[in-house]
Amino acid sequence: MFFADRITVVYPTGTRANEEVSLELRGGEILALLGENGAGKTTLAKVMAGLLRPTSGRLLIDGEEVSFRSYREALARGIYYVSQHPQLIEGLTVLEDVGLTLSLAGKRAARGELREAIRRLSSKLGLKVEPESLCEELSAGERQRVEAIKPLLLGSRFVIFDEPTTHMSPLEARALGEIMKEMKREGRGVLFISHKLKEVMELADRVVVMRRGKVVGGLRREEADPRKILELMFGEVQAPTGERREGARGEVLLELRDVKSFRVRSVSLKVRMGEVVGVAGVAGNGQRELFEVITGIRAAEGGRIFLAGRDITRLSPGERIKLGLSLVPEDRLGWALVPGLDVATNVYFALDSKRFIIDWGEVKEVAQRALSIVPIAGSPDSRVESLSGGNMQRLILARELYRDPKVIVAMNPTAGLDYATTRAVREMIVRLSEKGGALLISEDLDELLELADRIYVMSRGAIVGEHSRPFDVERIARDMVS
Amino acid sequence: MAVEVALSALVGAAPIMLAAYGELLLERSGRVNLGVDGMMALGASVAVAAASIGSPLLGLLAGAFAGLLAALFYALPVVYLRADQIVAGLSLAFLAWGLADLTASLTVPLSPAIIVGSALHDVLLLLTLLLPLVLWAFLRFTWLGVELRAVGHDEAAARERGARVEALRMGAALFGGLMAGLAGAYMSLVLYNGKYFAGITSGWGWLAVGSVILGYWHPLGVAAASYSVGLVLSLRPYLEAFGLGPLSATAPYLVVIAALALSAVLSARLRLRPPIT
């Protein structure tokens, strides 16, 4: 039995990723760890795999306390972690990659024997991969299954899969499910991290749900039904207020007509003047790709996008921004903000009234004016990467408010932020929408229920439902898992 | 006749080949040391000094050891302190050239030479020919070799797996120094009859670095590439006879640059990447 006892992890940025989390993984079971993005699942898994040292708390194997200084030590104690992006080493063959893992775990194997073992296991597991093929030639699903062979060869007692099916085809996902069941039959304990309800219901013996860094509930398979789990994942959904805000019926500012792209099958939606429109959905259903298509980073393969009546489908991101599109991406640093530059430059940089020679006085002045809209903890001279996540988001919104855009498109704007900043950010989004429109793509259903005037539900790349106030939460949740 | 030319070219090419093998191993671990030429010069100088008080064999060993010590100036900051490898390598080159001249100025400038055809020389040539095979087998058939390649291909992933990134790079860098020192010792003791003079390497260290790329990071490829460079160098007298004069001295370098450009174009077209073995 592998027991994580009251694990707390506080990142240097102050984010409390895990708060007194306890989890028990037994041999011969598949335990699913469910939760939204940012709920702290991966953090916990990394602690259990020795990749991350917890701020406090301890790990016990069969009642004996263990402390891992590295992944290698965890490996030696019979734990195997399959990361979300399986890192097979490009340039090595499958045989070499598997053999390297074994040799680093202190298990030397002769090439010939290993080749036979890999062949035997992969045919047993329905994996058609030659030991001599190069790792870089494998698909994501194949890599994941090569990873799954390793704990079998190592004889690991506990195997942790971190969202393994994210990049898999349904067929590959089913094959992996078979591998997990096989591991369970052999008496290994399998921890299966996911945010996909369906596969969890099919595989898991027990389900533990995490939310905002805490374990909020554990259910046996018999007592777990989708609605109960959704309730745990997204929290006690408060009865939404029924009132519609004023002015939400102006001209159409942003319109998508049957937009198609990678992972986006068909999306049509409208954002009107003075309206906050939400896009809800379980993570990984094409929301990120939709955001990228609207920004112009990803090309639309079909359909049209209109901004205030003008067709912007073929315009570059920069041209869209000039026309009044405002973006609040999920990745703050590196996408919305340029690391290495100071706050003032980051504000000024995003404006389009730039001249060839920099007038530093003007840069400071503009930054001061923008920051007078939304104060941040940090001066215009501080480097952006020294700001906390919350202050970065404030800075981004201050800049966007200053630019006075027509439409703001935000992706998970409050992910990883504390309560106070979350309040402030939501307030700003409403403010931004007063003079224009806002499209809020969020995995946080509470946020949408609170802010949005209308909610579109996205599932497997398509809009599957449209809901208006007063919201029927149950119907929205049903659409989300459809 | 052909065998004779091939053999005499090997005598000339040996230092480039030896130095290239060392650099090859380091580059397969994901680092590059531009100090090869300096380490060669130091090896050449120390070898002359050591040979003059002992034997040619002692000279060779001392030269190789001097190269190894010099490599520490590169390896310690780069591997453990994450210093910039380009700056560290170039600094090492200048530092080692200086140290080489300093060593020479303190000692007797002449020492017993290794005669072409002597047993010691034959051993050196054999080493030059066999080492690429050994390196190839090491990289291909030992897990330590696979670990080193893994570190070179994807440092982060290899580290996460528990690969000993620093230890392997340190080892490879020191091996590189050892080989460069040996190559330098070979130059002064074999090619220049036990003499050292400033600028003795005449840039052959750089040719070794180029040969690693030209040989596409494959031990046998690097052996072939560095040998070919040596062959072009040995053709110099003939070029001079053709009246090309000063241009003949630059020919090998031009050939390397042309070959590099060609291999870059070819590898891009054929979608080649550094080989797996």
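## A residue in helix α8 of chain B

B:A180 belongs to helix α8 of chain B, which covers residues 165–191; helices are DSSP runs of H or I of at least four residues, strands are E runs of at least two, and both are numbered from the N terminus. The model is predicted, so local features need pLDDT of at least 70 and side-chain atom pairs count only at pLDDT 80 or more, while totals for chains, interfaces and linings use all residues. Residues are numbered from 1 along each chain as its sequence is written, chains are lettered from A and ligands numbered from 1 in the order in which they are written, and side-chain values use heavy atoms, with hydrogens and water left out.

B:A180 has a relative accessible area of 0% and is buried (under 20% relative accessible area with a 1.4 Å probe, protein chains only; exposed is over 50%, partly exposed in between). Leaving aside residues up to four places away in sequence, B:A180 touches B:A19, B:V36, B:M39 and B:M40, contact being heavy atoms within 4.5 Å.

## The interface of chain A and chain B

Chain A brings 27 residues to the contact and chain B 18 residues. About 2000 Å² is buried between these chains, 56% of it given by carbon and sulfur atoms; buried area is the accessible area (1.4 Å probe) that two parts lose on being put together, summed over both. Of the area that chain A buries against chain B, 25% comes from A:I89, A:L104 and A:R111, more than from any other three residues.

Three salt bridges are found across this interface (a side-chain nitrogen of Lys or Arg within 4 Å of a carboxyl oxygen of Asp or Glu). B:R140 and A:E96 form a salt bridge through their side chains, at 3.8 Å from N to O. On the side of chain A that touches chain B, α2 (71–76), α3 (94–104), α4 (111–124) and α5 (140–154) of chain A each supply at least two residues. The largest share of that side, eight residues, is from α3(A).

## Domains of chain A

Chain A is assigned domain 1 (2–234), domain 2 (238–324 + 405–482) and domain 3 (338–404), with bounds from an automatic or database domain assignment. The centres of domain 1 and domain 2 of chain A, taken over C-alpha atoms, are 34 Å apart.

Between domain 1 and domain 2 of chain A, about 950 Å² is buried, 51% of it on carbon and sulfur atoms. Two salt bridges are counted between these domains. The side chains of A:R211 and A:D446 meet in a salt bridge at 3.6 Å, N to O.
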